[in-house]
Amino acid sequence: MLERFGFKLVPRKAVPGYFVFLVSFGAIVAAIVVTGFIFWIYGVNPFAAYSTIVERTLLNSRGLSEVVRKSIPLLLAGVGLVLAFRAQFWNIGAEGQILAGAVGASGIALFVPLPPFVAIPAMFVAGFVAGALWGLVPAILKVRLGVNEIITTLMMNYIALYIVRWLINGPWKGDSVVGFSYSDMFHRSIWLPTIGNTRLHWPTLVLGLLLVVLLAVLITRTKLGFEIRMLGESPIAAKYSGVNVLFTTTMLIALSAGAAGLAGVGEVAGIHHRLVEPNSISLGFGYTAIIVAMLARGSPVAAVFTALFLGWVFASGDIMKVALGLPFQITGVINGLVLLFMISSEPLLRFRIARVSLKNPETAESETGTV
Amino acid sequence: MELDQVTYTFARALAFSTPLLWAALGEIMAERAGVVNLGVEGMMVLGAVIGFIVSQATGLPYLGLLFAAVTGALAALIHSFIAIILGANQYISGLAITIFGLGLSGLIGRTWVGQPLQAPMKFVTVPGLSEVPILGPAFFTDQYILTYVGLVTAGLLWFVLYYTRPGLILRTVGESPVAADAVGINVKVVRMLTVVFGGCMAGIGGGYLSIAYRPSWGEGMTNGMGWIALAITIFALWDPLRAVLASFFFGAFFFLSFLLQKMFPPELLTLMPYTFTIVALTLVALGKGRRAFGSPEALGVPYKRGER
Amino acid sequence: MASTPPKHDSNNSLPALLSVKGITKSFPGIKANNSVDFEIRAGEVHSLLGENGAGKTTLINILYGLYQPDEGEIKFKGKKIALRSPKDAIKRGLGLVAQHFHLARRHTVVENIALGLPGTPMFFPTKILRGQLRQLGEHYGLKVDPNARIWQLSPGEQQRVEILKVLIQGAEILILDEPTSVLTPQESDALFGVLRKMTSEGKAVILISHKLDEVMRIADTISVLRKGNLVGCFKSKDTSPAELAKLMIGRTIEPTTRTDIEPSKSSVLELKSVWVQNDRGTNALQNISFRLRRREILGVAGVAGNGQGELTEVLTGLRYPSRGQIIIDGEDSTLRGVRGLFEGGVAHIPEDRNRMGIVPSMSVAENLIMRQYRHKPFAKGPMIDQREVTKFAIESIDHYSIATASKDTPSRQLSGGNVQKIILARELSGNPKLLVASHPTYGLDVAAAALTHELLLSQRARGAGVLLVSEDLDELIKISDRILVLFEGTVMGSVDTQEVDSQTLGAMMAGVSFKDIQGPTTSA
């Protein structure tokens with residue numbers, strides 16, 4: 001199409017790092033601007049709105065703690081997804097894996113009496129394992145049979161949702177609860193400790209940061225990480241190199257899904273202190289984690305920052321509801337816009353525009369040089 | 001269970017399956033042309049909110065439905081532009097539309113929440129046929145027109161897909177875009193048109209919810225139906241007639257889980273269809289049927305001429 | 001040779017249906033067609049002969065409107081025309097049956113054909129066609145079930161569908177690109193019968209092939225292309241396979257720079273009655289047995305698609321044989337797999353340099369250890385020892401003069417020759433016993449190719465056994481001690497390089513067995 005105007009798209013050979021960052025940042029800015037415009041349409045002064053948000057989320061210690069608190073599950077699930085995406089495994093099932101982790105932790109909390117210093121680690125382990133197992137089914141189906149992982153992980157989300165609902169309405173329904181559905185409260189001693197009088201459950205945060213470091217090291221410095229990168233970037237070359245595709249892929253998905261499971265543990269043991277309605281536990285963290293991972297473009301360390309950004313968006317949603325009377329769903333608008341702008345700008349990264357000599361316009365095919 | 005209850009269940013399941021069917025039919029056509037649209041949920045919910053607002057404001061439910069369809073089509077236009085023209089990752093672009101659509105609809109609808117629709121679409125009861133024993137109450141009593149139109153549309157789409165030239169072109173674009181390109185068919189245009197059609201259908205499905213079935217608006221009232229429509233697309237093996245059965249199957253399960261909650265944990269019944277989808281996909285991948293029944297070969301892959 | 005069937009007398013007074021003059025077409029770095037002339041008349045079978053890279057496919061792509069020539073003119077029935085797209089070509093009665101079929105596999109035969117036919121009705125587009133297809137099929141002997149789905153058909157039957165498709169579109173000039181590459185001998189005979197019937201009715205056929213005896217059998221006129229130039233155009237009755245082979249391959253061979261080394265008595269590789277299936281489930285290799293000794297370079301010659309790919313795969317662990325044994329250095333290594341083989345001293349220089357031999361997005365340094373990262377000195381427990389990797393990278397870049405901005409540059413930015421150097425540096429680092437090199441100099445410039453040859457020869461001197469698969473006969477003759485020729489999955493013969501010349505090799509690659517070449521030449 002462009003050829004008629006004397007231009008054509010030429011694939012770029014190398015993308016400078018700063019350009020990638022610039023494009024991602026540009027997408028975020030564009031999303032914020034468009035959202036401001038939407039505010040204006042709804043009769044809310046965008047500048048007033050944003051300044052209220054900034055004041056209450058960033059310039060206020062309680063607000064800041066909320067931002068960080070919302071970032072925790074995003075970080076855990078998101079960094080796990082960074083790993084999965086690196087190997088071209090499109091894990092849309094973080095939502096369900098979070099719930100699986102929550103179930104695992106709740107199981108320990110409610111039915112396995114342990115002294116607190118054992119119980120808390122046990123909950124995290126159980127949550128990790130539960131999340132990992134939840135991700136393993138789609139993983140094996142994909143590697144062995146080529147079944148599309150997007151649909152299977154999505155279905156697992158729903159199955160997890162209904163299992164949790166069944167548990168809180170059925171076998172795990174709280175004895176002391178009438179009329180509502182949730183499990184019994186966990187024993188006070190195994191509630192995750194928080195910082196000061198905020199709701200920031202720091203053990204999960206620490207775990208998250210540890211995981212970031214672990215995954216960063218894994219990807220860049222270990223044999224397994226090397227194999228994961230090969231698998232993601234050139235499966236043929238990985239085969240040529242002798243990588244055991246089945247083993248490596250399942251390992252990494254287990255890790256990715258387990259990380260999401262940890263997020264679930266944090267929510268249930270650190271915030272709600274009981275197993276509750278699934279939508280209140282996961283709140284869309286699983287889907288937002290996808291954005292965290294995509295913005296991070298493959299770097300576990302970058303995921304810390306993208307998780308903070310999206311945590312900020314979540315926290316802003318609360319403020320907007322309370323202070324501006326806007327529905328919480330506006331966070332979905334911002335998130336969706338970020339994602340839309342981001343992928344629309346992908347072609348900018350892959351191609352650049354070059355002039356074409358109009359003397360002998362060639363057909364639109366790219367010559368591969370085969371004769 | 002008494003006969004009355006059975007026919008009642010059937011009728012309610014039919015009504016419930018209608019939005020699923022509309023959305024699934026649209027998605028089937030899009031995927032047959034080779035494009036995955038994870039934005040169905042977003043398109044449905046946008047259709048629902050706009051449909052409700054227009055109906056409420058004008059008192060004309062069918063006008064609302066029209067606007068719902070157009071809204072879905074517009075959202076699909078964005079998705080198809082990004083996925084087909086720009087060639088970006090179509091899974092993510094669809095997902096983005098869903099996230100965006102859920103948020104935007106919540107925003108737009110905030111002042112309209114909870115209002116009952118003044119002039120909703122009414123039930124119809126087919127005269128004469130509704131007197132027939134068993135079939136009458138099950139099928140011809142107290143349904144919305146959209147349900148019947150949906151069924152007829154399924155039949156029409158089936159006919160078009162397999163027995164007309166445009167259907168052949170559509171299927172080829174999804175199976176082997178190279179073959180289509182080699183005879184001069186513009187793959188990108190066919191795909192865009194089909195995706196926009198899919199968005200239209202999803203919008204109507206959403207509109208049905210807010211104008212007919214539960215004439216009101218509430219945030220996120222589609223409750224994941226768009227995702228179920230995606231599951232139905234696969235479960236129905238990309239065939240419009242099978243989609244009728246699959247939608248009904250899902251609809252029945254949802255309704256039964258409500259009806260039988262004294263006897264079975266409703267949640268466990270509700271999760272069956274999702275489990276079945278995974279099982280169905282596995283069977284398709286395992287069986288010899290894979291060649292005959294699998295997904296369109298070029299599904300999910302943007303077409304670039306010159307690449308093999 | 002088979003007795004030649006009666007040929008249709010091409011009438012010189014008939015004007016050419018399609019004639020092109022002075023066609024020149026260049027791609028970045030290569031001149032694919034250099035001032036080529038070509039003509040085709042009604043009732044004629046005109047064959048385009050040449051090696052890979054000679055320019056045959058480019059020329060027919062120009063005839064079919066897929067490419068535009070840089071220079072030259074195209075005349076149709078005497079009038080100058082431009083063919084801007086396949087639609088123009090189809091309008092003039094041209095029809096192309098490509099090497100890779102353009103068929104939708106899940107659709108039926110009629111559906112595929114209906115697609116390409118303008119004027120099929122809106123409703124029930126396939127109904128009328130069924131009858132038409134049956135008629136055409138019977139008339140030409142192209143029997144195929146209209147309701148069968150493409151994936152159910154054999155390649156031969158699929159080809160019939162493509163031919164029917166083209167005929168129904170009203171083609172008067174059929175272009176067939178390597179049609180017999182997917183056919184059994186019997187199917188090839190049937191195809192030639194069909195072609196003869198067509199030409200007797202006044203249609204014209206342009207046939208691309210590299211198979212000399214087939215071309216001699218079916219063609220009236222033969223044009224030979226070599227490296228983009230037209231080097232000869234004859235009536236088939238005026239020439240011979242030997243003359244054609246000589247024209248295809250070209251100049252005389254340079255004196256070899258290979259020093260005489262006595263190969264050792266011990267075999268590093270032995271294949272015993274090996275059968276290998278390809279992805280389609282047919283036999284790519286049938287009952288292959290041969291030995292490769294230490295200090296020996298064994299060349300494997302043959303046109304692509306005759307089993308060489310599967311041979312390299314089975315020797316490097318990327319595929320397993322269905323029958324037979326592969327013995328490396330005395331040990332049965334048939335089922336060892338990629339890792340086992342590499343660790344056992346089998347190095348692999350793959351044909352697909354850029355996608356298999358390296359991970360394009362990874363750095364030079366990472367690609368240098370892509371196969372050895374599991375062991376000392378590069379691995380320390382689960383971690384990769386970055387210092388050792390850096391050390392090895394710097395050494396290799398220096399030793400092989402790899403032109404790269406730094407060891408951390410993504411390898412996709414390097415030129416073909418330097419990518420090859422990365423692969424060589426890596427594969428040779430472990431002093432392999434057996435080196436399997438697949439088309440190692442394809443697409444390389446002269447200097448890079450020379451370096452590759454040097455390295456292969458030095459490995460031989462060092463005591464390794466080298467298996468060199470190549471389509472470049474000059475290269476094979478220059479470097480190998482012995483040459484094995486593969487044709488349709490079997491060994492046509494194994495000859496000592498000093499006793500053979502490129503004509504003989506060319507003939508063997510085209511399916512003539514060594515015995516037949518040595519006997520008295522049969523008259524054409």
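In the predicted model, the contact between chain C and chain A draws 35 residues from chain C and 23 residues from chain A. On the chain C side, β2 (30-40), α1 (56-63), α10 (337-343), α11 (353-357) and β18 (383-384) each contribute at least two of the residues that touch chain A. The largest share of this side, three residues, is supplied by α10(C). Classified by residue type, the side of chain C that touches chain A comprises 21 nonpolar, eight polar and six charged residues.

Within chain B, helix α2 (residues 40-58) packs with helix α4 (residues 90-108) at an angle of about 20 degrees, the two axes lying 7 Å apart. Because angles under 35 degrees count as roughly parallel, α2(B) is roughly parallel to α4(B). The crossing of these two helices, α2(B) and α4(B), is left-handed. The contact involves B:E41, B:G42, B:M43, B:V45, B:L46 and B:V49 from α2(B), together with B:I97, B:T98, B:F100, B:G101, B:L102, B:L104, B:S105 and B:I108 from α4(B). By class, nine nonpolar, four polar and one charged residues make up the contact of α2(B) with α4(B).

In chain A, A:L200 is located in the loop between α6 (149-169) and α7 (202-221). With 21 other C-beta atoms within 10 Å, A:L200 is buried. Neighbours within four places in sequence aside, A:L200 is in contact with A:S65, A:V68, A:R69, A:T194, A:I195 and A:L205. The C-alpha atoms of A:L200 and A:I72 are 9.0 Å apart in space, while the two residues are 128 residues apart in sequence.

Terms used:
Residues are numbered from 1 along each chain as its sequence is written. Chains are lettered from A and ligands numbered from 1 in the order in which they are written. This is a predicted model: local features need pLDDT of at least 70, side-chain atom pairs count only at pLDDT 80 or more; totals for chains, interfaces and linings use all residues. Helices (H or I, at least four residues) and strands (E, at least two) are DSSP runs, numbered from the N terminus. A residue is buried if 20 or more other C-beta atoms lie within 10 Å of its own, exposed if 12 or fewer, and partly exposed in between; C-beta atoms are placed from the backbone. Two residues are in contact if their C-beta atoms, placed from the backbone, lie within 7 Å. Ala, Val, Leu, Ile, Met, Phe, Trp, Tyr, Cys and Pro count as nonpolar, Asp, Glu, Lys and Arg as charged, and the others, Gly among them, as polar. Axes are lines fitted to C-alpha atoms, for helices over the stretch in contact, and angles run from 0 to 180 degrees between N-to-C directions. Angles under 35 degrees count as roughly parallel, over 145 as roughly antiparallel, 65 to 115 as roughly perpendicular and the rest as oblique. A crossing is left-handed if the near helix is turned anticlockwise from the far one by less than a right angle, and right-handed if clockwise.
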